[in-house]
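Dear colleague,

I am passing on the structure we spoke about, and I would be glad if you could look through it alongside the notes below.

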Amino acid sequence: MTTAVQRPALVRSSDRMIAGVCSGLADHLGWPVKFVRLGMILACFAGGAGVAFYAWLWTMVPTADESAKRNARRPASPIAPAVSLPSAAAAPARASKAYDAGPSPAVGGGPPAAGASAAGVQASGSSNGTGSSAGFGATSADDWWGGSALASWFSFRKIQYGKEILLGAALLLVAAILIARQFGVDVPLGTLIPAAAILGGAAIAWMQLDETRRAGLVDKTKADQAGGWVRLAAGLALVVAGVLVMVSGSGSWEQTWLALLASVAVLGGVALVLLPWGLKFWKDLETERAGRVRETERAEIAAHLHDSVLQTLALIQRRAGSEQDVVRLARAQERELRAWLFSDAAKESGLLADRIKSVAAEVEDSHGQAVEVVTVGDTEMTDRHEALVQAAREAMLNAARHGGGTVSVYLESTAGSTEIFIKDRGPGFDPDAVPEDRLGVKESIIGRMKRHGGSAAITSSSNGTEVRLTLPSANADTGEQRNNDVRNGEAKQ
Amino acid sequence: MTTTPDSGAGRRVRVVIVDDHTIFRSGLKADLDHRMDVVGEAGTVEQAIAIIAETRPEVVLLDVHLPGGLGGGGREVIAGSSALLGTTSFLALSVSDAAEDVVSVIRAGARGYVTKTISGKEISDAVIRVADGDAVFSPRLAGFVLDAFGTAPADIADDELDKLSARELEVMRLIARGYSYKEVAKELFISIKTVETHVSAVLRKLQLSSRHELTKWAAERRLL
């Protein structure tokens with residue numbers, strides 16, 4: 001794959017004085033940031049070499065954010081651990097889509113900076129497939145991607161090399177002129193300053209253009225946009241002023257003023273002519289961006305399906321002999337896919353219905369018995385509800401163990417109370433005949449419910465067993481718990 | 001087009017299967033027992049409407065999500081066959097748990113809703129039940145109904161479309177808890193026929209009610 005990248009990526013840090021160049025450089029080189037800054041300032045006096053270097057890095061090095069965004073990788077699939085059960089190892093690992101870039105000139109060599117980064121490289125190197133894609137831990141993966149940031153950045157921007165080389169050359173030229181002046185060569189300041197202004201202004205404007213295009217306007221906050229416009233305007237003003245002073249040469253106010261008027265008129269004319277073209281260009285850009293967003297979404301869905309459904313199907317084919325395994329895999333996958341399709345990932349799962357569902361899923365996975373959950377209403381979780389969930393879990397485990405077929409769980413939560421019914425279709429048992437030492441039913445279900453002010457009733461016949469757990473609202477007895485927050489029509493799968 | 005030899009037990013229900021997955025259609029065909037004949041199959045909205053008009057089956061097993069037409073899926077098939085609603089019953093099949101899918105197809109006129117994971121025996125029973133003019137509720141659909149109508153009984157039981165009567169609520173609760181119609185009847189000391197009457201009444205309310213929650217709720221679900 002690639003040689004190990006042994007330093008943190010060179011990115012502009014957010015801990016910054018001007019543009020984060022020095023602190024980014026310090027991070028990258030492993031030097032104290034103070035010295036880097038001091039060195040940079042000293043270099044500024046060496047004929048402005050520091051300024052040139054700083055400007056060069058400023059334009060060429062992405063910020064940490066941009067770098068992260070560019071290298072953002074889809075998160076590992078949540079199903080992966082559930083699907084790749086221990087018994088069914090060796091799911092083919094996803095071939096890493098690493099940029100096939102060697103160490104770039106800027107990041108080569110040096111002692112290992114962090115063990116994690118090396119570990120990350122190792123992890124992504126194991127494409128022969130021992131373990132599922134979930135094996136790519138988030139941290140190690142991040143380090144790895146961060147490590148190749150600059151390398152990928154170079155290859156990513158191959159097409160736009162021309163502009164950057166030009167800019168770098170211009171900056172080097174400035175530095176050369178400054179140094180030449182230092183050695184006594186006569187450089188006319190009258191030409192130099194406007195030229196510098198033009199270059200500086202252009203650089204600022206270009207940077208702005210670059211950033212907006214990279215990040216996409218949508219990603220930017222309003223404040224950033226305003227800042228961007230200010231920068232653009234400042235760049236423009238610098239360039240115009242520089243051009244004027246250069247062209248008018250004399251620096252007389254009257255002439256400058258006239259020239260300014262003329263140039264504004266010309267600019268206005270040009271803008272008028274170019275406006276339709278510009279608008280069209282903008283629209284094209286928007287269309288292209290929308291297309292890219294769609295493409296990204298599609299890629300994300302494809303990635304999810306690959307990590308979840310395809311892996312599960314592969315596992316099912318391999319384990320076709322074991323009906324229980326197949327059913328378990330299919331149900332786990334179905335649940336995962338449903339959760340992914342129909343629920344909001346950011347949704348807070350501090351609600352009772354979600355807890356019950358996750359407990360049911362757990363029982364289903366461990367016993368391979370389908371557990372159907374129907375919920376009506378919902379309520380916030382409290383300690384008492386946790387006890388209810390634990391009692392329900394015990395009942396579900398019993399149902400899955402001793403009952404046959406599907407286990408039905410029904411949760412109804414109203415302002416007055418919360419009830420859970422767990423029904424199986426097993427041969428049934430006599431609740432009164434349960435020996436005293438069997439803690440499952442006596443202690444984990446009945447006792448637990450009683451301790452928390454609730455009740456449990458078990459009815460059993462030859463057609464099945466039903467456990468009914470009732471927990472009155474907290475304010476009905478203790479008064480210290482929060483009022484039940486009943487949401488009719490709340491999340492239900 | 002019979003799938004199983006006629007055992008001669010009772011009448012045979014003529015069934016049309018509408019689903020865009022061929023594999024699922026053939027699996028379902030094999031699952032239906034000797035009490036029914038599959039007289040047609042369709043994979044798109046247009047095909048479905050055509051074959052239903054042509055064969056006039058008693059029961060249509062209808063996938064909620066179908067390609068073709070105006071994108072309305074199963075709902076569009078029911079709307080397109082509305083002239084036959086008196087003689088043809090629709091039983092919605094779905095892998096989707098999304099309430100708006102289920103409720104919209106029920107409100108369009110389907111007599112019930114079952115999930116595709118249902119067993120062969122259960123689906124056959126459900127088809128017979130729908131053919132007899134009864135409604136088929138899965139636990140999940142009962143849960144949707146309880147969610148939509150609320151769990152408080154109506155004050156005036158009759159003639160109220162926007163609320164369920166106390167008895168209907170009991171029936172819905174038991175179905176949501178996983179009880180079969182027979183078990184519900186036993187639990188409430190009523191006949192199966194009475195249970196079916198209650199379920200049909202709930203279905204009618206679900207179809208006709210303009211209860212604010214019912215329309216708004218489905219729309220809101222999409223946002224979840």
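Two strands are taken as paired if DSSP finds at least two bridges between them. Please keep in mind that this is a predicted model.

With that criterion, chain B contains an open sheet of six strands, which follow one another in the order β2-β1-β3-β4-β5-β6 with parallel pairing. The edges are held by β2 (36–42) and β6 (136–137) of chain B, and because each has a single partner strand, one side of each is left without a neighbour in the sheet. Within the sheet, strand β1 (residues 13–18) of chain B pairs with strand β3 (residues 59–63) of chain B in the parallel sense over four bridges, and Val18(B) has Leu62(B) in β3(B) as its bridge partner.

Two helices of chain B pack on this sheet: helix α2 (residues 45–55) touches β1, β2, β3 and β4 (89–94), its direction making about 140° with that of β2(B), while helix α5 (residues 120–131) touches β1, β2, β3, β4, β5 (112–115) and β6, its direction making about 150° with that of β4(B).

In chain A, helix α14 (residues 352–367) packs against helix α15 (residues 383–402) at an angle of about 30°, the axes lying 10 Å apart. Since angles under 35 degrees count as roughly parallel, α14(A) is therefore roughly parallel to α15(A), and their crossing is right-handed. Among the residues making the contact are Ile356(A), Val359(A) and Val363(A) of α14(A), and Leu388(A), Ala392(A) and Met396(A) of α15(A); by class, the contact has 11 nonpolar, three polar and five charged residues.

Methods
Residues are numbered from 1 along each chain as its sequence is written. Chains are lettered from A and ligands numbered from 1 in the order in which they are written. This is a predicted model: local features need pLDDT of at least 70, side-chain atom pairs count only at pLDDT 80 or more; totals for chains, interfaces and linings use all residues. Side-chain values use heavy atoms; hydrogens and water are left out. Contact means heavy atoms within 4.5 Å. Axes are lines fitted to C-alpha atoms, for helices over the stretch in contact, and angles run from 0 to 180 degrees between N-to-C directions. Angles under 35 degrees count as roughly parallel, over 145 as roughly antiparallel, 65 to 115 as roughly perpendicular and the rest as oblique. A crossing is left-handed if the near helix is turned anticlockwise from the far one by less than a right angle, and right-handed if clockwise. Ala, Val, Leu, Ile, Met, Phe, Trp, Tyr, Cys and Pro count as nonpolar, Asp, Glu, Lys and Arg as charged, and the others, Gly among them, as polar.
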